[in-house]
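Notebook open, structure loaded. I went through a handful of spots and jotted down what I found at each one.

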Amino acid sequence: MATAPHTLVPLPDVSKNVAEWVASVAALTQPERIYWCDGSPAEFKRLRDELVAKGELRELNQKTFPGCYLYRSDPTDVARVEHLTFICTQRKEDAGPNNNWMDPVEAKAKMRALYAGCMKGRTLYVIPYCMGPLDSPYARCGVEITDSAYVTLNMAIMTRIGVGALQRIAQEGGDFVRGLHSTGDLNPARRFIMHFPEELSIQSVGSGYGGNALLGKKCHALRIASYQARSEGWLAEHMLIVGLQNPRGERRYVAAAFPSACGKTNLAMLIPPDTMPGWKVFTVGDDICWMQPGADGQLWAINPESGYFGVVPGTNPKTNKNAYDMIRRDTLFTNVALTADNEPWWEGRKDAEPAIDWIGRPYDPKNGPAAHPNSRFTVAATQNPCYDQAAEDPRGVPIAALIFGGRRRELAPLVYEARDWAHGVLVGASVASETTAAATGEVGIVRRDPMAMKPFAGYNYGDYFAHWLNVGAKLKHPPKIFHVNWFRQDAKGGFLWPGFGDNLRVLEWILDRCAGRAQAQETAIGWLPRPQDLDLKGLDISPEAIGELTTVHSEAWSREVADFRKYLQEFGARTPAALMAELDGVAQRLK
Ligand code: GTP
Ligand code: SPV
Ligand code: MN
């Protein structure tokens, strides 16, 4: 969302530090011209129309999808590239075995060579942005330099760009995160996403897609911010933030971390089932959450973003009517298919047929899905029918519960509650999940993904776990910690739990546990609801299924604990002893 421009000072004169950095980048990349973004709606429209005129953006059916456009990325550039993403700290151990590491001197030399003259004939866009409400002490600013107008349009929706951000940078003494991006030649052999957390800078080349190129998102708000948060005593997490209001009118906020394409956007915009009248859901954020301990001893959260870059496939009026309605206007679609009527189409959109696939070929099922499985919508958060004004509150919202989860067809029950904060950190650290199309590579492989941050933690996971333990120890009223799994399957591959709106039944139990109202049984891995502790009114689910979803199988869990122990040992002495002690406790209780 743009901030209103209101300055008579030319943009390059607002912050000397920014201007000097832009000049040095321009000297290296040699653009044909430099354009400073003011963040105005007129600017957005102009950049969009220019892309349409050049044929890089396609206007969709304006009668049925007003303000909607389609962008097709290069077919080899459709997702995050974790194997080409590096954390470049002075010392390799500080990046940890969870990250690819490159020596900063070597990384910079490599990038310099790729950047030299890379913007010849192109426009260099300067995008000052603020992650979080402009007036929030928890917000942080950055500047992205890019040669992609598509990236600029996305940044304008996803972050607060323009004059306000630039002025805040100047007021703060000229400190900001420096993000340099060039589309390069899109050759995957010359594609790198480099992070220099010690100097708060990012260098990305060779991709124009999502998390590789919209540098405010994963690169800044997670990798750089997590590093910064550790030294400043806060948390930067891959979490949605949602407000849940019960029929008595009590609103509580929870934050939930699930790996990429595992249900954050959907949970953040949930529609209560008909059998739960009076419940209301409000979205604060769908992907990233920055949390600070407040003076009152609670954890307070802001959403650093102002838009959603969401997975399109699967969105329909049954699974998520809010999302379906939200993307009917003023939305940028990337890599979806088209109907014969020039409407966007994706798998799961049941009310039309695909005619052209995401690459632009006539649709043929032999070529695979019509829309790319990682096709995305970019849309302003304010278009969400259940947008929460609290997303603009500079203080953020207080968090009552933290929820971790993964996509696991086996083992993990529907929901369980950690014994306390330290055990909750273990529960978060033990998240494992099947890989998805959000990153390149094989899909459906279970991998360890602590706190859903495997691709995003900007430093050694051992230190990260220790930081989590420290933050909790300082909180007088720490949120309770839970683990959920919407994705358990039966022998035939069907989901045991209906998911989506019905997930509110689980959230209700979670909130009632926080309020000391709900019953549970103690198990080796934590507190589980018995079937009768969940509100299953009006739900078509067999007693066998719900029984299976609320059972802990000791033998399988013992194997899981052994596997997780091996994983934690990879971090050697950096793994906190207190975390190992928590794991010993679980192992002991499983015997
Ligand atoms: P990122 O934007 O990549 O971080 O993903 P996300 O975590 O926001 O995931 P999202 O909500 O977009 O969901 C990803 C996919 O999971 C979509 O195809 C959804 O339809 C599907 N999904 C979401 N929630 C549920 C659920 O409760 N049950 C089932 N079975 N599928 C779900
Ligand atoms: C994710 O992969 O977790 C996303 C999409 O939210 S991207 O912005 O591409 O990282
Ligand atoms: Mn994400």
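Predicted model: local features only at pLDDT ≥ 70, side-chain atom pairs only at ≥ 80, totals over all residues.

**Metal site.** I started with the spacing of the donors of the manganese ion (ligand 3), which runs K-x19-H-x48-D along the chain. The pair His 238 and Asp 287 links distant parts of the chain, 49 residues apart. I found His 238 in the loop between strand S12 (235-237) and strand S13 (239-245), and Asp 287 in the loop between strand S15 (280-285) and strand S16 (289-293).

Which atoms hold the manganese ion (ligand 3)? I get NZ of Lys 218, NE2 of His 238 and OD of Asp 287, at 2.2 to 2.3 Å. The geometry comes out octahedral, with angles of 73 to 174° among 6 donor atoms. I also checked burial: His 238 is buried, and Asp 287 is too.

**Helix H15.** I listed its buried residues as Trp 557, Glu 560, Val 561, Phe 564, Tyr 567 and Leu 568. Why do the buried residues of H15 line one face of the helix? Seen down the axis, they fall within an arc of 120°, so they share that face. A reminder to myself: an α-helix has 3.6 residues a turn, so residues three or four places apart point the same way.

On the other side of H15 I noted Glu 555, Arg 559 and Lys 566 as exposed. For the buried residues of H15, the packing partners are strand S24 (415-417), helix H11 (421-429), strand S26 (446-448), helix H12 (461-473) and helix H16 (577-590).

**His 181.** I looked this one up in strand S9 (residues 177-182). His 181 has a relative accessible area of 0%, so I put it down as buried. Its side chain reaches the backbone oxygen of Ser 207 at 2.6 Å.

**Thr 378.** This residue is in strand S22. Is Thr 378 buried or exposed? It counts as buried, because its relative accessibility is 0%. Setting aside residues up to four places away in sequence, I see Thr 378 touching Asn 154, Ile 157, Met 158, Tyr 308, Phe 309, Asp 330, Thr 331 and Leu 332. With Asn 154 there is a polar contact, side chain to side chain, at 2.7 Å. Thr 378 and Phe 309 are 69 residues apart in sequence, yet their C-alpha atoms are 4.6 Å apart.

**Glu 353.** I then went to the loop between strand S21 (344-345) and strand S22 (376-380), where Glu 353 is found. Glu 353 is at 61% relative accessibility, so it counts as exposed. Leaving aside neighbours within four places in sequence, its contacts are Leu 338, Thr 339, Ala 340 and Trp 345. I also took a distance from Glu 353 to Leu 568: 48 Å, C-alpha to C-alpha, for 215 residues of sequence separation.

**Positive phi.** Last check, backbone angles. Most residues other than glycine have a negative phi. Leu 200 has a positive one, near 50°. I place Leu 200 in the loop between strand S10 (192-196) and strand S11 (201-205), and it is partly exposed at 24% relative accessible area. Phe 500 also isn't a glycine and has a positive phi, about 45°. Phe 500 sits in the loop between strand S27 (480-484) and helix H13 (503-514), partly exposed at 36%.

How values were computed: Residues numbered from 1 in each chain as written. Chains lettered and ligands numbered in written order. Heavy atoms only, no water. Donors = N, O, S within 2.8 Å, 3.2 Å for Na, K, Ca; no water. Tetrahedral: all angles 85-135°; square planar, octahedral: opposite > 155°, others 65-115°. Helix = DSSP H or I, 4+ residues; strand = E, 2+ residues; numbered from the N terminus. Buried < 20%, exposed > 50% of the residue type's maximum accessible area, 1.4 Å probe, protein only. Arc of directions from axis to C-beta. Contact = heavy atoms within 4.5 Å. Polar contact = N/O pair within 3.5 Å; in protein donor to acceptor, adjacent residues only side chain to side chain.
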